[in-house]
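Here's a quick briefing on domain layout and aromatic ring pairs. Have the viewer open as you read.

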2 protein chains.
Amino acid sequence: MSLLYERVAESLRGQIRRGVLRAGERLPSLRRVGRQQQVSLATAVEAYVQLEREGLVEARPRSGYYVRSTAPPLSGAASRPAVRAPRPMRNPALLGVLDVLTRSDLLPLHAATPALDLLPAAGIAAAVARTMRRHRDEALRYAAPQGHPDLRLQIARRYAQCGVDVDPDEIVVTAGAMEAISLALRSVTRSGDVVLLETPTYYGLLQAVAALGLRVVEVPNRVGTGIDAAQLDALLARHDVRAAVLVPNFNNPVGSLTGEADKQAVVAACAARGVVLIEDDLYGELAYSGERPPPLRKFDRKGGVITCGSFSKTLAPGLRVGWALGPHWTGELLRAKCFSSVATASLPQLAIADYLAHHDVDRPLRRLRRELSANAQRWREAIARHWPAGTRVSEPAGGMALWLELADGVEGGALFEAALGQGIGTLPGHLFSNRDDYRHHLRLSCGLRWDAKMEQALRALGATADRLRRRK
Amino acid sequence: MSLLYERVAESLRGQIRRGVLRAGERLPSLRRVGRQQQVSLATAVEAYVQLEREGLVEARPRSGYYVRSTAPPLSGAASRPAVRAPRPMRNPALLGVLDVLTRSDLLPLHAATPALDLLPAAGIAAAVARTMRRHRDEALRYAAPQGHPDLRLQIARRYAQCGVDVDPDEIVVTAGAMEAISLALRSVTRSGDVVLLETPTYYGLLQAVAALGLRVVEVPNRVGTGIDAAQLDALLARHDVRAAVLVPNFNNPVGSLTGEADKQAVVAACAARGVVLIEDDLYGELAYSGERPPPLRKFDRKGGVITCGSFSKTLAPGLRVGWALGPHWTGELLRAKCFSSVATASLPQLAIADYLAHHDVDRPLRRLRRELSANAQRWREAIARHWPAGTRVSEPAGGMALWLELADGVEGGALFEAALGQGIGTLPGHLFSNRDDYRHHLRLSCGLRWDAKMEQALRALGATADRLRRRK
């Protein structure tokens, strides 16, 4: 029977590879395949389950099987090479987006950062003042490249609270999570190596990977359930992957949380195949449920996982304090840090350490999570009210990103451009993947404070989306 | 006659290449060469001047010509390839040095940073307080990736004061000069490219180049006169060089200042050959003469030079605020910044901008230059008093590095190790080149405050050098 189902699966793979069955298209019913290929219903089921396991098709409840829009490349598929260089950010559309990141005159719905009044700004300001009063010289002197011991202790304590044992001596303090990931990639990879990312994933990761001359293979992040360890393992089996950079806690832009079973299996798969696992745990503290999900690190028995994080989304974006940790890699990370930025600024490190030593950080975090969760709901409702029917919005489980699939083939790039003209920053979906799968997507941040102005902005965007839809 | 002097020169080149004449060895007198080779004294002079022009030999007043210890590689010299991969920092000795950079329990004669009491710490502290009072939200929010406009304006103004026209819009604010150089290298080069550095040069540049998988060719930095544009051009003619990273204003470790004629010729040579010129202008404000020498940028007619600098050596090391600028490269630098550290911390940027707006920075700079210059002299005198006869010390024209050639073949690495045991940090000479030319050198910083403890430390180091000398 295994030969029979494999024959059926291979036939369907070929149809997908040749474009006979296209992304988003419904597969023939199980009954029909059974008839066509003269196999039993059970064999047809087994074939479909196999294709689903490979990430080529997905089951939709009460509807049947569909070719995934984010299907991973088939080996030998000429039209979509499995491994290719990420697109460097050079075409005018992408440059326009970089420009947006730097503009201060826009309503920043493009920026995944919480409004300052959702953060404990007064407490941080007091910590800055206290630091300058008590430790002025230390605040103005070079810090050690590894970072200030007090801060490393506080980071380790924070992880201990979610059941993860971190040694302060394995931590390298960085200028935010992005520097942490950049250092990790530079420590682990060489130009030409293959890196596994999610699709969709944070555009900054794609750009960091592109800047280092790395190639990329992508594993789908599934709305709601995050990374599928079996899919990831199948990709690792097929490609010579050096490192994986994953955002299991609230993928940006999807907001999904990868479950603990998948996390554990992802760590095991990477360890078994010698793939260095780099996790971006930037949003780990921002679970709407209130329960901090564990990082991949929790399941790491070999010390090979590099965990990156930051206080930028929880305490003070502008202080640029983050970390990279992982006992096996501390030396390499430290070397990369030494010879690219020497050390993280001292005053911000000391101020954050002081804040954490003097405050129960769970209080402001509870408030922040509550507000972000409420915002996600408010944004979703406003979009339901004001945007064209058929617009689909993600239901994030944490973080502050909303991922929209636009109605009737409206292009994310077109809406992004039109929104700029309205003074509103958004991010077009195509930034979030090395493929062309998200041309009809858009990312919005729901980190700003909800008010009438925000509702008005979302209404204006919805009207623009509708205008673009009619023009088609 | 030109054929005659070239015949003589080629004979001596051959002797140097084959090791018959060794680094540091005195060449035969002009009279003797004339006799040996049966040429006139004038021809012998012309031959030696040619070898000097090529950087192979140096004239020492009232002593004759010597084979340079930093002689550039001869083409065809099998024993010393002209272009090779820089040594990655992996052998235990080098790792030990990295460890020193991170230790806080040493007297930091290894750290090229001024004592805090030579810097305007009180003024910076007041600027931090004022910034938090007046611009708290801005200080805690993400800055634009390019950096705060107020700070960029202040940087441009500072350059205007030394006659260099900089547009604030071409500046990218960075976490110190090291990040600036790292961004510049990442913007300009690809793995495998050849980069030209000085020898000796700051070990951090070699490490940054190594981390990017670049290869290196080295032009000697001449004690006293810095970079020789003709030597540099000869190397560019011979090798396919992508970029040059130079420290024309007070090379670290030598402390030499490259003259304006050489600067102008260096810029012209690089422009003519399509070599991107990256200058580390970190010490430009620290001329002992009091006259701020121009950066290479001053002679750049095409906008292709990237100038990197920092406030780390002049205002506040621990705030980690620097810059990279150069109109042709702003976009690339900004992209590299965006996708490796997003933005420089806001509070430090605003505090430095506030300080510069409210103070005449020339006052503390005058004091700093005066103190560093006096320190260099004090250090030199103490070394003359306490170290073995034959120890040679550089006479820096600015900055805070002293470059020592140890007496009687004492190894810099051995003295470095022994000094660690005495609680004193130094840096062994071999870190400052990709070659093996500086095994008998040591770098000391004279940035700390002079006092009895310092004299005692220098005496202890001298006694250790003497002990090592006797043991040989």
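Taken over C-alpha atoms, the centres of domain 1 of chain A and domain 2 of chain A are 36 Å apart. This is a predicted model, where local features need pLDDT of at least 70, side-chain atom pairs count only at pLDDT 80 or more, and totals for chains, interfaces and linings use all residues. Side-chain values use heavy atoms, with hydrogens and water left out, and residues are numbered from 1 along each chain as its sequence is written.

**Domains**
- Chain A is assigned domain 1 (2–67), domain 2 (92–117 + 364–471) and domain 3 (120–362); such bounds come from an automatic or database domain assignment.

**Ring pairs**
- Searching the whole structure turns up 18 aromatic pairs over all chains, a pair being Phe, Tyr or Trp rings (for Trp, the six-membered one) with centres within 6.5 Å, called stacked if the planes are under 30 degrees apart, edge-to-face if over 60 and tilted otherwise.
- Tyr159(A) and Trp323(A) sit edge-to-face, with ring centres 6.0 Å apart and planes at 90°.

**Cluster**
- Ring pairs join Tyr202(A), Tyr203(A), Trp403(A), Phe432(A), Tyr438(A) and Phe339(B) into a cluster.

Notes:
Chains are lettered from A and ligands numbered from 1 in the order in which they are written.
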